[in-house]
Amino acid sequence: MTAERPKTISAQTVYEGAAPDTALPALVRLNAYTRLVALQTGIRILYWDARTEHDFSYSVRHDDDLIYFGAYTGGKAHLEARCRDGLTHYETDGGLHDAYIAYRPGCRIDFTKTAGMGAGVTIALSPSVLADLSAEDAACLDQKLRSGHYFNQVRGGRQLLAFANGLRAVGSTGSTGSTGSTGSTGSTGSTGEGERPGSQLQMLGQSLSFMGLLLEQMFQGEASDTSLSRRDIRRLNEIRDMLLADLAAPPRLDKLARQAGMSVSRLQRSFRMLFGTSVYAFFQKERMQEAHRLLLSDEESILGIALRMGYSNPGHFTAAFRKQFGLNPSDLRQSLRLRR
């Protein structure tokens with residue numbers, strides 16, 4: 001029997017406090033499986049260690065603006081994730097020794113942890129904090145984050161996993177105080193009174209090493225692979241045609257990758273090499289261009305155009321259109337009629 005799904009968690013509330021002037025305590029017990037340590041540098045470290053007899057499901061609404069670096073370090077359980085918003089829709093499945101980088105503001109992620117034991121660590125920080133820590137590493141991600149969405153998962157190497165496990169080891173011994181209630185999301189426990197001297201520095205050092213090595217491992221193939229074969233170009237053009245064939249259906253990277261005969265990460269890299277932008281940014285630009293054309297024709301209502309473009313929520317359509325063209329659909333329609 002599957003456990004009852006809890007209410008959706010707000011990522012902003014979890015990572016930034018209930019209000020802008022509310023500082024997180026040094027240690028927060030999020031639920032029975034996860035605790036959060038907040039370093040003074042602006043880095044948040046999630047330690048999760050779940051042992052469940054049944055599948056465990058929960059949802060996170062990413063109303064934050066954070067980059068996530070993570071790794072699955074122990075157990076045979078898998079963490080399945082379904083990501084969706086007005087633009088993206090894809091599924092991932094992470095297991096032992098997988099590592100990832102994610103940037104998904106505005107998305108809702110539905111997670112399901114399969115029965116059994118699973119452990120890992122996740123580091124969360126804002127793009128500005130990453131830039132302050134290392135401008136070079138921030139620049140390496142900057143181009144990928146401009147579309148407003150990025151996810152990539154790799155098989156972690158031995159050294160990378162050693163840093164992840166080292167970070168977990170420091171976190172498990174860094175605080176000896178009570179961890180408080182574990183029955184509900186958001187309950188707080190120790191604020192660090194029992195923390196070992198030097199543990200914050202060790203956690204910072206392990207975090208920086210882990211993030212740096214993950215960036216190196218994730219992007220090292222991109223520097224060496226600078227050419228595309230004729231076969232790759234043909235397949236990528238087919239993917240482009242698939243995207244343009246139905247602008248109401250946001251693409252699923254896993255399906256596109258299977259169609260192209262590539263891994264998800266290779267598809268993302270190759271598509272950007274050929275077309276100069278990400279799959280989702282390309283799709284969104286073309287979708288909004290078509291919406292712009294339909295609005296200028298003045299033959300259909302704004303709501304009808306939104307539905308035709310795959311938006312069940314007109315507010316999401318308006319926000320996406322304004323992001324690309326700098327004005328609302330109603331403003332464009334009104335200016336068109338005033339000129340007549």
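User: Is Asp49 buried, exposed or partly exposed?

Analyst: This is a predicted model, in which local features need pLDDT of at least 70 and side-chain atom pairs count only at pLDDT 80 or more, whereas totals for chains, interfaces and linings use all residues. Residues are numbered from 1 along each chain as its sequence is written, and side-chain values use heavy atoms, with hydrogens and water left out. Buried denotes under 20% relative accessible area and exposed over 50%, with partly exposed in between (1.4 Å probe, protein chains only). Asp49 has 27% relative accessibility, so its class is partly exposed.

User: With which residue does Arg51 form a salt bridge?

Analyst: A salt bridge requires a side-chain nitrogen of Lys or Arg within 4 Å of a carboxyl oxygen of Asp or Glu. Arg51 counts as exposed because its relative accessibility is 57%. Its closest N and O atoms in the salt bridge are 3.2 Å apart, and the partner is Asp49.

User: Which residue is linked with Asp49 and Arg51 in a network of salt bridges?

Analyst: The structure holds 10 salt bridges. Asp49 and Arg51 belong to a network of these, and the residue linked with them is Arg168.

User: How many residues apart in sequence are the parts that Asp98 and Arg155 tie together?

Analyst: The side chains of Asp98 and Arg155 meet in a salt bridge at 3.5 Å, N to O. Asp98 lies in strand S9 (residues 98-103) and Arg155 in strand S12 (residues 150-155), so the sequence separation of the parts tied together is 57 residues.

User: Is Arg155 buried or exposed?

Analyst: Asp98 is buried, with a relative accessible area of 12%. Arg155 has 54% relative accessibility and therefore counts as exposed.

User: What is the N to O distance between Arg240 and Asp241?

Analyst: Arg240 counts as partly exposed because its relative accessibility is 25%, and Asp241, at 43%, counts as partly exposed. Their side chains meet in a salt bridge, and the N to O distance is 3.3 Å.

User: What is the centre to centre distance between Phe317 and Phe321?

Analyst: Rings of Phe, Tyr and Trp (its six-membered ring) pair if their centres lie within 6.5 Å; planes under 30 degrees apart count as stacked, over 60 as edge-to-face and the rest as tilted. A search of the whole structure finds nine aromatic pairs. Phe317 and Phe321 form a tilted pair with 45° between the planes, and the centre to centre distance is 6.2 Å.

User: Why does Phe321 count as buried?

Analyst: Phe321 and Phe325 both lie in helix H11, four residues apart, or about one turn of the helix. Phe325 counts as partly exposed because its relative accessibility is 26%. Phe321 counts as buried because its relative accessibility is 0%.

Key. Helices (H or I, at least four residues) and strands (E, at least two) are DSSP runs, numbered from the N terminus.
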